[in-house]
Amino acid sequence: MSLAGAWICAAQAQGDPGILRRAVELRESPAPNAASLAALPAQASVTRLAGRQGAWIQVRTAADVTGWVHLFDVGSPGSPTTAPAQGGAPSGSSALRGLTSLLTGGASGGTTVPTTTVGIRGLSAEDIAQAQPNAEAVTQMEALRQNEAQARAFASGATLVSQTVTPLPSPPAPSNASMAGGAAQ
């Protein structure tokens with residue numbers, strides 16, 4: 001093994017520092033219904049380890065307990081997304097968890113592939129390719145649906161002002177030549 005490879009392995013064994021964005025349960029395995037090892041408060045320090053399954057990452061607590069948390073619940077120290085929004089929940093994390101649950105069918109499995117995006121650890125191409133709809137998450141989202149009257153009542157209570165927006169023009173219909181060319185490919 002090269003010196004660089006040894007350094008990367010040592011760094012992964014030690015892990016990256018992280019801060020919990022909200023209070024969470026440290027899980028025994030990477031699943032929302034797995035046994036809870038500990039209740040962790042928001043802003044608790046954790047160490048991200050190399051383990052990753054779907055939308056779950058393995059972490060070690062300050063008390064040296066190793067378990068699993070949802071990747072959207074862990075931020076980098078000093079990151080603006082680490083601070084809780086009003087109401088104690090980090091802005092956007094619930095929506096991201098719901099989206100991940102919707103795409104993964106509420107369960108995780110398969111190979112561990114580290115994938116990083118700017119600001120958060122993201123889903124791998126394999127996670128996205130194997131995504132299945134989660135009917136329970138869709139039902140929960142449908143329960144949050146608002147009609148026009150409810151939206152207007154909320155807007156007037158928030159002192160929002162109605163504005164008329166010109167719709168975008170419709171895209172041109174594809175020509176027969178481009179459709180034939182697309183079918184041949």
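Q: Keep in mind that this is a predicted model. Where is Gln43 found, and is Gln43 buried, partly exposed or exposed?
A: Gln43 sits in the loop between S3 and strand S4 (45-53). Its relative accessible area comes to 37%. Buried would need under 20% and exposed over 50%, so with 37% Gln43 is partly exposed.

Q: What is phi of Gln43 near?
A: Gln43 is a residue other than glycine, yet its phi is positive. The value is near 75 degrees.

Q: Does Asp64 count as buried or exposed?
A: Asp64 has a relative accessibility of 58%. The cut-off for exposed is over 50%, so Asp64 counts as exposed.

Q: Which strand is the place of Ala39, and which residues is Ala39 in contact with, leaving aside its neighbours within four places in sequence?
A: Ala39 belongs to strand S3 (residues 36-40). Once its neighbours within four places in sequence are set aside, the contacts of Ala39 are Val24 and Glu25.

Q: How many Å apart in space are Ala39 and Ala23, C-alpha to C-alpha?
A: Along the sequence, Ala39 and Ala23 are 16 residues apart. In space, C-alpha to C-alpha, the gap is 7.4 Å.

Q: Is Ala39 buried or exposed?
A: The relative accessible area of Ala39 is 58%. Anything over 50% is exposed, so that is the word for Ala39: exposed.

Q: What about Ile128: where is Ile128 found, and what separates the C-alpha atoms of Ile128 and Gly54?
A: Ile128 is part of helix H3 (residues 125-129). Ile128 is exposed, at 52% relative accessible area. Gly54 is 74 residues from Ile128 along the chain, and their C-alpha atoms are separated by 9.5 Å.

Q: Which residues touch the most other members of the largest nonpolar core, and which elements give two or more residues to this core?
A: That core has 13 residues, and the ones touching the most other members are Leu20, Ile57, Val59, Val69 and Val74. As for elements giving two or more residues to this core, they are strand S2 (24-27) and S5.

Note on methods: Residues numbered from 1 in each chain as written. Predicted model: local features only at pLDDT ≥ 70, side-chain atom pairs only at ≥ 80, totals over all residues. Heavy atoms only, no water. Helix = DSSP H or I, 4+ residues; strand = E, 2+ residues; numbered from the N terminus. Buried < 20%, exposed > 50% of the residue type's maximum accessible area, 1.4 Å probe, protein only. Contact = heavy atoms within 4.5 Å. Core = buried A, V, L, I, M, F, W, Y, C linked by side-chain atoms within 4.5 Å.
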